[in-house]
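Hi,

Here is the structure I promised to pass along. Have a look at it first, and then read on for what turned up.

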Amino acid sequence: MATINSSNINITDLDFDDVSKSLKEYLRGQDTLKDYDFEGSNLAILVDLLAYSAHTSAFNANMVASEMFLDTAQIRKNVVSRAKELGYTPSSRTASKATFDLTVTNPKVGGQTPSSLTINRGHEFTTVYDGTSFTFISLDNKTITPTTGTFRFDALDVYQGKLSSDIYRYDSQVSNQRFPMLNPNIDTSTITVNVNSNNTVTAWSKAGDLTGITSSSTVFYIQENDEGLFELYFGDGVIGASPKDGDQITISYLVTDSNHANGAATFSMSTSINGNSAVTFTNTVSASGGKDIETPDQIKFSASKFYTSQNRLVTVQDYKAKLQELYPGADSIAVWGGEDNTPAKYGKVFVALKPSQYSNNLTTAEKSTLRKSLSDLSVLTVRPEIVDAEILQILLTTNFKYDPTKTSLTKSALETLVRAAILSYDDSELSGFDTLFRHSRLTSKVDGTESSILSNITNVKLRKKYTAVIDGTASSISLDFGNALYNPHAGHNMDSGGVFTTTGFFISGDINNYFFDDDGKGNIRRYYLNGSTRVYVDNTAGTIIYSTGVVSINSLTYSSTSNTDSSIDFTTIPSSNDVISTKNQLLDITASEISVTGVADTVASGETSAGVGYTTSSSYS
């Protein structure tokens, strides 16, 4: 006798197989079909159709429900809509920016030397980068007068792209009126809005903090619409003024390219300046800052941080969220409190930005603008300070063993491949602040470079470059490697200079070429070489704290250095092969300092028996 199954359908089933099984169990629970064999029957097809219908409906319902929440939404317009509820507007594309001094050679206007020259908004320059030509323009009118007969535009900023405009008429009869910008590649930071009312043109500005906006404030707001275009709208007469019926609205903006010319450094002028085309470019700052529009995943991350900060700066995350809005082109951002600084500086918060992969530091003007913007939002007793990034160089020495019977490549070719693998790791893993050089990850990458490579020993050193003060005044030096240094016991390697070395330098009034090392007990020593013998003239020239990596050198008057750029290289051995970037440090595997040596493995090739004569590479620097 057949078993009578439940006559209730399980409505929690979502998968096709589960729905089909539930329907069959339901039908078997009816007296009419209790002994029916569904397998291979025509009724099974109908059950499958019902199961497919239920499964599709469940999937669609699940997708709709998911799109209602920021964390689970996948469709861009829904992510943007959810972010809007948190008060967050996604960042647009950001145009790459370059800066240079432009000198006009013997300008003439009407056959006479002019009293001034003007570069107008939209003035074009070109550059060729990676074989492609790009247009850069000036976004501001800039007028200069000659200085000692020289016509030079100092620190001229140019941006990648071309200007475009959209013109609308305001219609008060249309509710919730929006004015889209019709190009998807705009840089919203370059938008200018002019409203012509009865032949009076007024410039309207982008709304910022709502606390300063009144019913008469001539401001506009920006959002991204369902088509992925940015659009602006105006106030309602309460929170911001509203244009009058029939007013002409002109929206001008920069349309940048899909491919960014970050890194471009050679420019030429496309249009003349009052008929003058003979110009020279000096002090060029390479193009940087070009960024794509935020992806849905980036919007999700930024929106939650923006909402948490509530447009005020208290925590580290508040600063990071606001800086992403103020400087959307940043590759990486680091923020730390004054109490964590070395030395501690209470009442300050330190900020470091890496503008792009082609530039490590902001310009002076950019720092000033950011500092003011942050000060307006920070706690009264805390003042932000914008600092430059510091490069912590990682010097690598890699010795690898390979089986010559398993490859047709020469030793030199294998060394080239290993070197390329190391540089690839640098590019992919060490591109910003808060990064970690993981020694085992690198050595695994080296081992996987080519099937014949059997093993490798990779030793690590750290280096910081310090520009000495060469102006006749005494100065001290303070360095923070941000990592513990190797010192297994007091007096380690004392007779051979410890774990700390430098390049040479000269002191005012002294002909000796001096160097620094350490005694393994926390003291920095200054010496010169007499042949190969170190002659120490100061055994307490400074201090080194091995547990923190902080080096302090007493005041000296430097006259020159062995390096041609007036710098001194400080090199040391870390306690761990894993290296962390702290505060404003950027880790960089210095390409010129990579040493790669391949050695044929005689055990693997069968040339060595019982390990006799086999040599291994040292694991210590």
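Predicted model: local features only at pLDDT ≥ 70, side-chain atom pairs only at ≥ 80, totals over all residues.

Is Asn185 buried or exposed? Its relative accessible area is 18%, and the cut-off for buried is under 20%, so Asn185 counts as buried. Setting aside neighbours within four places in sequence, Asn185 touches Arg93, Leu254, Val255, Thr256 and Ser258.

Next, a sheet to click through. This one is open, has 3 strands in the order S16-S17-S18, and its pairing is mixed. Strand S16 (332-337) and strand S18 (383-386) are at the edges with a single partner strand each, so one side of each has no neighbour in the sheet. From one strand to the next, the twist averages 25°. Helix H5 (residues 316-326) packs on the sheet and touches S16 and S17, its direction making about 150° with that of S16. Helix H6 (residues 364-375) lies across S17 and S18 and runs at about 160° to S18.

Strand S17 (residues 348-354) pairs with S18 in the parallel sense, over 4 bridges. Val349 stands opposite Pro384 in S18. Lys348 is in strand S17 and Glu385 in strand S18, so far as sequence goes 37 residues apart. Both ends are partly exposed, Lys348 with a relative accessible area of 32% and Glu385 with 23%.

On to the other charged pairs. How many salt bridges does a search of the whole structure find? The count is 16. Besides the pair above, these may interest you:

- Lys464 and Glu390 meet through their side chains in a salt bridge (2.7 Å, N to O). Lys464 is in strand S21 (residues 453-467) and Glu390 in strand S19, 74 residues apart. Lys464 is buried at 5% relative accessible area, while Glu390 is partly exposed at 35%.
- Asp569 and Lys465 form a salt bridge, with the closest N and O atoms 2.8 Å apart. Asp569 is in strand S30 (residues 567-572) and Lys465 in strand S21, so the pair ties together parts 104 residues apart in sequence. Asp569 counts as buried at 9% relative accessibility, and Lys465 as partly exposed at 43%.
- Asp517, Arg525 and Arg534 are linked in a network of salt bridges.

Last, the nonpolar cores. The largest has 44 residues, and Ile394, Phe437, Phe516 and Phe570 touch the most other members. Strand S19 (residues 390-402) gives the most to this core, with 5 residues. Leaving out neighbours within four places in sequence, the contacts of Phe437 include Ile394, Leu396, Tyr425 and Val460. There is also a second, separate core of 22 residues, with Leu102, Leu117, Leu156 and Ile273 among them.

Cheers

Notes
Residues numbered from 1 in each chain as written. Heavy atoms only, no water. Pairing = 2+ DSSP bridges. Helix = DSSP H or I, 4+ residues; strand = E, 2+ residues; numbered from the N terminus. Axes fitted to C-alpha atoms, helices over the stretch in contact; angles between N-to-C directions. Contact = heavy atoms within 4.5 Å. Buried < 20%, exposed > 50% of the residue type's maximum accessible area, 1.4 Å probe, protein only. Core = buried A, V, L, I, M, F, W, Y, C linked by side-chain atoms within 4.5 Å. Salt bridge = Lys/Arg side-chain N within 4 Å of Asp/Glu carboxyl O.
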